[in-house]
Amino acid sequence: MKIVHTIEELRSQLRGQLRTAFVPTMGNLHEGHLSLMRLAARHGDPVVASIFVNRLQFGPHEDFDRYPRTLAEDAAKLEKEGVYVLFAPDEREMYPEPQDYRIRPPEDLGDILEGEFRPGFFVGVTTVVMKLFQCVGPQVAVFGKKDYQQQMIIRRMCQQFAMPTQILSAETVRDADGLALSSRNGYLSEQERAEAPRLYATLQQVRQRVLDAQSGLGLRLEDLLELEQAGRQVLSTRGWQPDYLSVRRQRNLGLPTNEDLQAREPLVVVAAAKLGKTRLIDNLEI
């Protein structure tokens, strides 16, 4: 595996490649990331990974400075997966001057859920992804479903800009107890780690209640709102601080109407909550 740190080196390594598959990451890699590399390898060749902790997507009081940076360990894992090139730029390489040109997702998708509680987050994400795509020129790029809203926004960005990159979604990888793998899980104390699977368990309960209602008398919007409130209450009583727990349409993350519910519109329950100082996100399609 070749490790390159500049855009010029990266483009030199990839010159003439016709089916590059790309997986952008912020490093501190775990099995979830490695599963993305394997999916990429099934859909393209060569596989390129990037590691860059993107300041633009962190809020002023978030964990940019303490986000774990483990380049040597990450490189060893990627080499075992057969990754061809690891692009590991520093901030001066990615942002040699202030990044005044930015990508702004539409408000109805970018300013809800994660966008509401992390203002500017998706502007930072889409801007760095656009720039990385310009550097790599991938035909295929892989993102995890754990970041449900993020991968939807990136897919739509590629469609609207007529970008020649196909976005693939990879299923969420979980520990045996159901906790979705995340670099931020390392922030959890032993007690918090034991409690953390409750987030997924709560989503499972909401999903099952939606399915039960759909198979019975049907589901109304007011019933859905009560299920959401009950789910948030379960988390709150266990010491969580929920930002949101909401059932949305899969196709656009909009609030379902009664007509949608009657027509069995595909749904997804999405959630974000803090456990101690660690914010976890998860989702489950219905």
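Q: How do the residues lining the largest cavity divide into nonpolar, polar and charged?

A: The lining of the largest cavity has three nonpolar residues, three polar and one charged, where Ala, Val, Leu, Ile, Met, Phe, Trp, Tyr, Cys and Pro count as nonpolar, Asp, Glu, Lys and Arg as charged, and the others, Gly among them, as polar. Please keep in mind that this is a predicted model, in which local features need pLDDT of at least 70, side-chain atom pairs count only at pLDDT 80 or more, and totals for chains, interfaces and linings use all residues. Residues are numbered from 1 along each chain as its sequence is written, and side-chain values use heavy atoms, with hydrogens and water left out.

Q: Which residues line the largest cavity?

A: The lining is made up of T202, Q205, V206, R209, A230, G231 and V234. On a 1 Å grid over the protein atoms alone, a cavity is a set of points where a 1.4 Å probe fits but cannot get out, a pocket is an open set with protein on both sides within 12 Å along at least five of seven lines, and lining residues have an atom within 4 Å of a point.

Q: Which helix gives the most to that lining?

A: That is α10, with four residues, although α10 (198-215) and α11 (221-237) each supply at least two. Helices here are DSSP runs (H or I, at least four residues), as are strands (E, at least two), and both are numbered from the N terminus.

Q: What volume does the largest cavity have?

A: Its volume is about 30 Å³, taken as the space filled by probe spheres set on the points, with grid points joined across faces, edges and corners. A search of the whole structure finds one cavity of 30 Å³ or more.

Q: And what lines the second largest pocket?

A: That pocket, with a volume of about 240 Å³, is lined by 16 residues, of which I51, F52, V53, R69 and P89 lie nearest its centre. Its lining divides into nine nonpolar, three polar and four charged residues.

Q: Switching to the whole chain, how many helices and strands are there?

A: The protein chain has twelve helices and nine strands, and its C-alpha trace spans about 60 × 45 × 35 Å along the principal axes.

Q: What about its radius of gyration?

A: The chain has 20 Å, which agrees with the value near 19 Å that a compact globule of 286 residues would have; the radius is taken over C-alpha atoms, and the globule rule is 2.2 Å times the number of residues to the power 0.38.

Q: How much of the chain is buried?

A: Of the 286 residues, 54% count as buried, meaning under 20% relative accessible area, while exposed is over 50% and partly exposed lies in between (1.4 Å probe, protein chains only).

Q: Is H33 buried or exposed?

A: H33 is buried, with a relative accessible area of 13%, and is found in helix α2 (residues 31-43). Leaving out residues up to four places away in sequence, H33 touches T25, G27, N28 and S183, a contact being heavy atoms within 4.5 Å.

Q: What is the phi of N28?

A: N28 has a positive phi of about 50° although it is not a glycine, and N28 sits in the loop between β2 (21-25) and α2. L113, also a residue other than glycine, has a positive phi near 50°; L113 is in the loop between α5 (107-110) and α6 (114-117) and is buried, with a relative accessible area of 4%.

Q: Where is the P46 residue?

A: P46 lies in the loop between α2 and β3 (47-51), and the peptide bond from D45 to P46 is cis, with omega near 5°.
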